[in-house]
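Here is a quick walk through the model, with stops at a few residues, the helices and a pocket. Keep the structure open while you read.

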Amino acid sequence: MAKFSELQKRLLTALVAVPLLILCFWEGTWSLLLLITPVTMFGVHEFFNLQEKKGIPAFKGIGIVAALGLNLTAYAYGLEGAAMFIAMLSLLLVLSTILGPYQETALQRIAGTLFPQGYVVLLMSHFYFLRQKQMAFDLTSLPIPDGFVFLMLVVGLTFLNDTGSYFGG
């Protein structure tokens, strides 16, 4: 079997991933949720593993379950629902550290559990928020869903930045 160069691997990945992304962005409902949720959960799991290697205490089990809940809440109820979810999670974490055996590391555990929620889950949830966004100008003459334009712009600019970095060094 022939070995592929780094550029060939990137091109093959793009040939598979780009049509899938466009389809999910166009549909914008369950397909987008099914695309973003596993990526988000993988990111949260990796983030907790990195924290664990650095010795940062956190409620990993609660954090992973909360990440799934926050992801689904952001999809279903938008930014306001996500903010309410984080407020309730914060209250739960404070109560669990006050009443539990973790009083000496309470602040670190609360921060170690909440930070991945904001850094990974909320940032990835912006795919949902952008897809639900209405355009400021009229596109009714074109058969293009409003939020699709926003998603393609963000992903396109990220792709161009990554490509420029790859070739520019």
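## An exposed glutamate

Start with Glu-80, which counts as exposed because its relative accessibility is 63%, above the 50% cut-off. Keep in mind that this is a predicted model. Glu-80 sits in helix H3. If you look from there to Arg-109, you move 29 residues along the sequence and 25 Å through space, going from C-alpha to C-alpha.

## The helix that folds back

Helix H3 itself deserves a look. It runs over residues 60-99, so by count it has 40 residues, and a straight helix at 1.5 Å a residue would reach 58 Å. Where does H3 bend? The spot is Tyr-77, with a bend of about 140°.

## H1, for contrast

Just past the end of H1 comes Gly-28, with a positive phi of about 75°.

Helix H4 holds both Ser-125 and Gln-117. Are they buried or exposed? Ser-125 has a relative accessible area of 0%, so it is buried, and Gln-117 is buried too, also at 0%. The cut-off for buried is under 20%.

What does the side chain of Ser-125 reach? It gets to the backbone oxygen of Val-121, at 2.7 Å. As for Gln-117, pair it with Leu-89: they are 28 residues apart along the chain, and their C-alpha atoms are separated by 9.9 Å.

## The largest pocket

Finally, the pocket. The largest one holds about 700 Å³ of space. It is lined by 24 residues, and the closest to its centre are Val-18, Leu-21, Val-155, Phe-159 and Asp-162.

Which helices supply at least two residues each to that lining? They are H1 (6-27), H2 (30-53), H4 (106-132) and H5 (146-168). H1 gives the largest share, with ten residues. By residue type, the lining of this pocket divides into 18 nonpolar, four polar and two charged residues.

How values were computed: Residues are numbered from 1 along each chain as its sequence is written. This is a predicted model: local features need pLDDT of at least 70, side-chain atom pairs count only at pLDDT 80 or more; totals for chains, interfaces and linings use all residues. Side-chain values use heavy atoms; hydrogens and water are left out. On a 1 Å grid over the protein atoms alone, a cavity is a set of points where a 1.4 Å probe fits but cannot get out, and a pocket is an open set with protein on both sides within 12 Å along at least five of seven lines; lining residues have an atom within 4 Å of a point. Grid points are joined across faces, edges and corners, and a volume is the space filled by probe spheres set on the points. Helices (H or I, at least four residues) and strands (E, at least two) are DSSP runs, numbered from the N terminus. Ala, Val, Leu, Ile, Met, Phe, Trp, Tyr, Cys and Pro count as nonpolar, Asp, Glu, Lys and Arg as charged, and the others, Gly among them, as polar. The bend at a residue is the angle between axes fitted to the seven residues ending there and the seven starting there. Buried means under 20% relative accessible area, exposed over 50%, partly exposed in between (1.4 Å probe, protein chains only). A polar contact is a pair of N or O atoms within 3.5 Å; within protein, one must be able to donate a hydrogen and the other to accept it, and residues adjacent in sequence count only if both atoms are side-chain atoms.
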